[in-house]
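Good morning, and thank you for making time on the agenda.

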Amino acid sequence: STFDQVFEYHYIPWSEERLVMRQEEVDYSKYEGVMAVDRYNIEVQLYFDWNETEDEINVLTQTIFDPFKSYYNFPQTDLASCFINIYFDLVEIDRREFQEEVETGNYTKEEVVEMYNYHLEEIKKLKSNYFNEVERGTRIQALRKWNEVVKTELGIDNMDLFQIKD
C-alpha cells in the first residue's frame with residue numbers, strides 16, 4: 001500500500017481535538033482503475049498495559065491512531081476528516097467499555113487479556129461495518145447514524161464540527 005497521503009504526526013492518542021490530514025498535491029489519476037476500498041486504510045489501535053505492584057493492579061488503556069498504517073488516497077475534504085474522526089471516536093467508545101469492564105471486576109491478567117482480545121475482534125467487526133456502511137462518508141444518512149452514536153457516547157458532533165450537511 002502507498003503512503004502518499006500520510007498524516008502529520010507519529011502515533012496519536014485519542015483526544016477531543018480532531019484529526020486533520022496534511023494537505024498535499026497528489027496526482028489522483030494514478031489511482032484510476034484502483035478500487036476505492038484499496039485506496040485508503042484508517043488504522044486505530046487499542047493499547048493496553050498491565051502494571052502490577054505488591055498492593056495493586058493498574059490496567060491502562062488508550063486509543064491510538066496509527067499514521068504508519070493509515071493512508072487516504074483521495075482529496076482531503078471536510079467529509080473525509082469527519083469520516084476518519086467518527087471512526088477514531090467509535091474505537092474510543094469501545095476502549096472505554098473495555099476499561100470499565102476491567103475496573104468493575106477483580107480479574108486475573110489472563111482474563112483481562114481474553115477481554116482485550118475480544119475487544120480487538122469487536123473493533124475489527126466495527127471497522128468493517130462502519131467502512132462498508134458509510135463508504136468514506138459518502139453515504140450521509142449512514143454517516144449521520146454513526147455520528148449520533150458518537151454524539152450520545154462522547155458528546156462530540158463531528159458532522160457539525162466539519163459542517164457536513166445532507
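Let me begin with a definition: rings of Phe, Tyr and Trp, the last by its six-membered ring, count as a pair if their centres lie within 6.5 Å. Planes under 30 degrees apart make a pair stacked, planes over 60 degrees apart make it edge-to-face, and the rest are tilted. Please also keep in mind that what you see is a predicted model.

By that definition, the structure holds 16 aromatic pairs. One of them is formed by Phe83 and Phe131, with 5.3 Å from centre to centre and 55° between the planes, and it is classed as tilted. Which parts of the chain does this pair tie together? Phe83 belongs to helix α1, residues 78-103, and Phe131 to helix α2, residues 109-134, so the pair ties together parts that are 48 residues apart in sequence. As for accessibility, Phe83 is buried, at a relative accessible area of 0%. Phe131 also counts as buried, because its relative accessibility is 11% and the cut-off for buried is under 20%.

The second pair I wish to show is that of Tyr87 and Tyr130. Their ring centres are 6.0 Å apart and their planes meet at 15°, so this pair is stacked. It likewise links distant parts of the chain, with Tyr87 in helix α1 and Tyr130 in helix α2, 43 residues apart. Are these two tyrosines buried or exposed? Tyr87 counts as buried at 2% relative accessibility, and Tyr130 counts as buried at 0%.

Ring pairs link Phe83, Phe131, Tyr87 and Tyr130 with Tyr40, Tyr72, Phe74 and Trp146 into a cluster.

Which charged ends sit over its ring? That of Arg39 does, 4.0 Å from the ring centre, and that of Arg136 does as well, 3.8 Å from the centre.

Arg136 brings us to the backbone. Most residues other than glycine have a negative phi. Arg136, however, has a positive phi, near 60°, and Glu135 has a positive phi too, near 40°. Glu135 is placed in the loop between α2 and α3, the latter covering residues 140-154, and Arg136 is found in the loop between α2 and α3 as well. Their accessibilities fall into separate classes: Glu135 counts as partly exposed at 36%, whereas Arg136 counts as buried at 19%.

Which side chains does the side chain of Glu43 meet in polar contacts? One is the side chain of Asn41, at 3.2 Å, and another is the side chain of Lys127, at 3.2 Å. Beyond its neighbours within four places in sequence, Glu43 is in contact with Ile64, Phe65, Asp66, Lys69, Ser70 and Lys127.

Leu161 counts as exposed, because its relative accessibility is 52% and the cut-off for exposed is over 50%. Leaving aside neighbours within four places in sequence, Leu161 is in contact with Arg18 and Ile156. Its C-alpha atom is separated by 8.2 Å from that of Cys82, a residue 79 places away along the chain.

Thank you for your attention; I am glad to take questions.

Conventions. Residues numbered from 1 in each chain as written. Predicted model: local features only at pLDDT ≥ 70, side-chain atom pairs only at ≥ 80, totals over all residues. Heavy atoms only, no water. Buried < 20%, exposed > 50% of the residue type's maximum accessible area, 1.4 Å probe, protein only. Contact = heavy atoms within 4.5 Å. Polar contact = N/O pair within 3.5 Å; in protein donor to acceptor, adjacent residues only side chain to side chain. Helix = DSSP H or I, 4+ residues; strand = E, 2+ residues; numbered from the N terminus. Lys NZ or Arg CZ within 6 Å of the ring centre and 35° of its normal.
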